[in-house]
Amino acid sequence: MPPFFIFMLMTPSATGLYIHVPFCKSKCPYCDFYSTVKLNYTDKFLSALLKEMELKKNLLGTSRLTSVYFGGGTPSILTGRQLTTIFETINKYFTISADAEITFEVNPENVTKENAKLWKSLGINRISIGTQSFDDYVLKFLGRRHSAAENIEALNLLTEVGFTNISADIIYGIPGFDIKSIEKSLETLINHSIKHISAYHLSIEPNTVFGVLHKKNKLKTLPDDDSLKQYLFVCNTLKTNGYNHYEISNFSLKGFESRHNSGYWFGMKYIGVGPSAHSYTGDKRLWNNANVYKYIKSIETGQNDFFEEETLTTKDKFNDYVITSLRTSEGLSLSRVKNDFGNRYHTHIINTLKKYEDLPELLILDNDKIILTDKGLFVSDGIMADFMI
Ligand code: SF4
């Protein structure tokens with residue numbers, strides 16, 4: 001059965017604020033998230049960010065926030081003064097619900113007792129930590145600035161300071177490394193009773209160092225069979241240890257599903273601030289330029305042309321629903337398609353289903369729901385494309 005929290009998130013009252021902190025100490029060779037290593041822009045960025053919050057305070061028609069998420073980049077490189085100012089501004093323009101989830105992405109090397117205490121004192125109640133691996137060779141290959149021992153120290157410190165809701169990221173599917181390395185990472189996280197684990201397959205993106213190496217034939221990708229084997233290993237290990245596989249890459253112990261990310265998949269309205277951040281109002285999508293210099297200049301000069309927007313058509317909303325629902329354990333509801341989008345869309349789904357009649361290893365029809373299996377989730381891009389219009 002789908003977890004109860006998912007139904008709660010589908011209520012129209014869920015609203016989020018995403019804050020993109022676009023700075024990193026160095027650029028990891030696999031990463032294509034928008035960030036810059038020019039840390040001297042931090043204060044100017046901060047002034048622009050605060051102004052953007054003021055500009056967008058009425059975007060959702062409510063000031064109430066049920067979720068706040070600091071992502072990046074590396075939010076944990078912000079100082080106490082900078083973070084305090086951001087929280088003061090959030091509280092000036094919005095009302096954070098008493099039970100809101102407030103997530104802060106951190107890198108292990110920034111976790112000190114002093115920082116962790118500060119984050120807690122600001123009201124942050126969920127930490128998402130980029131551990132990535134507990135194998136030093138993998139960490140080195142990924143260009144990370146921390147060791148496996150520092151990962152463990154960071155987890156211990158966060159727990160000691162009183163964070164009970166910790167999510168850890170790991171990366172698998174790395175060429176040259178086998179299942180033993182992933183097994184070690186999963187075992188460590190399970191032994192530390194980490195409540196939420198996001199496991200991502202290494203993806204080689206064109207505009208990254210790895211992408212360039214791959215193009216020059218200097219970096220191979222893992223054969224598909226090995227990738228699938230590793231994905232199924234992650235899914236099975238975590239399920240055996242009590243984790244609910246509630247989205248392609250996300251696993252949690254009961255009650256610790258990410259409310260913010262689940263919100264994205266279940267139609268939560270949200271405001272995104274900072275370069276490259278996206279917003280969703282229910283009828284419109286807005287996206288900020290992925291360029292911190294242009295972002296600062298646009299807001300400083302009052303031009304405010306740092307974002308673009310589009311009004312969503314019924315077809316856009318249907319395709320969004322296909323992509324978001326099929327990636328979760330909740331699945332795609334046939335009756336919802338009929339009620340929300342009409343017969344044409346419902347017929348399209350039914351017709352597409354026929355193609356999968358003889359492929360029960362990829363998806364199942366459970367009464368009203370189309371739910372992808374683990375194997376189906378692994379090849380979900382192709383399946384989603386089939387169901388989209
Ligand atoms: S992976 Fe994280 S720390 Fe590394 S460059 Fe990307 S955002 Fe920065």
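How many helices and strands does the chain have? The chain has 16 helices and 15 strands, where helices (H or I, at least four residues) and strands (E, at least two) are DSSP runs numbered from the N terminus. Its radius of gyration, taken over C-alpha atoms, is 21 Å, close to the 21 Å that the globule rule (2.2 Å times the number of residues to the power 0.38) gives for 389 residues, so the chain is as compact as a globular protein of that length. The C-alpha trace spans about 60 × 50 × 45 Å along its principal axes.

This is a predicted model, in which local features need pLDDT of at least 70 and side-chain atom pairs count only at pLDDT 80 or more, while totals for chains, interfaces and linings use all residues. Residues are numbered from 1 along each chain as its sequence is written.

The axes of helix H7 (residues 179-191) and helix H9 (residues 224-240), lines fitted to C-alpha atoms over the stretch in contact, come within 11 Å and cross at roughly 25°. That makes H7 roughly parallel to H9 (angles under 35 degrees). The contact (C-beta atoms, placed from the backbone, within 7 Å) is made by Ile179, Ile182 and Leu186 of H7 and by Gln230, Phe233, Val234, Thr237 and Leu238 of H9.

The residues around the ligand (C-beta atom, placed from the backbone, within 6 Å) include Cys24, Lys27, Asn107 and Gly130.

Technical notes: Axes are lines fitted to C-alpha atoms, for helices over the stretch in contact, and angles run from 0 to 180 degrees between N-to-C directions. Angles under 35 degrees count as roughly parallel, over 145 as roughly antiparallel, 65 to 115 as roughly perpendicular and the rest as oblique. Two residues are in contact if their C-beta atoms, placed from the backbone, lie within 7 Å.
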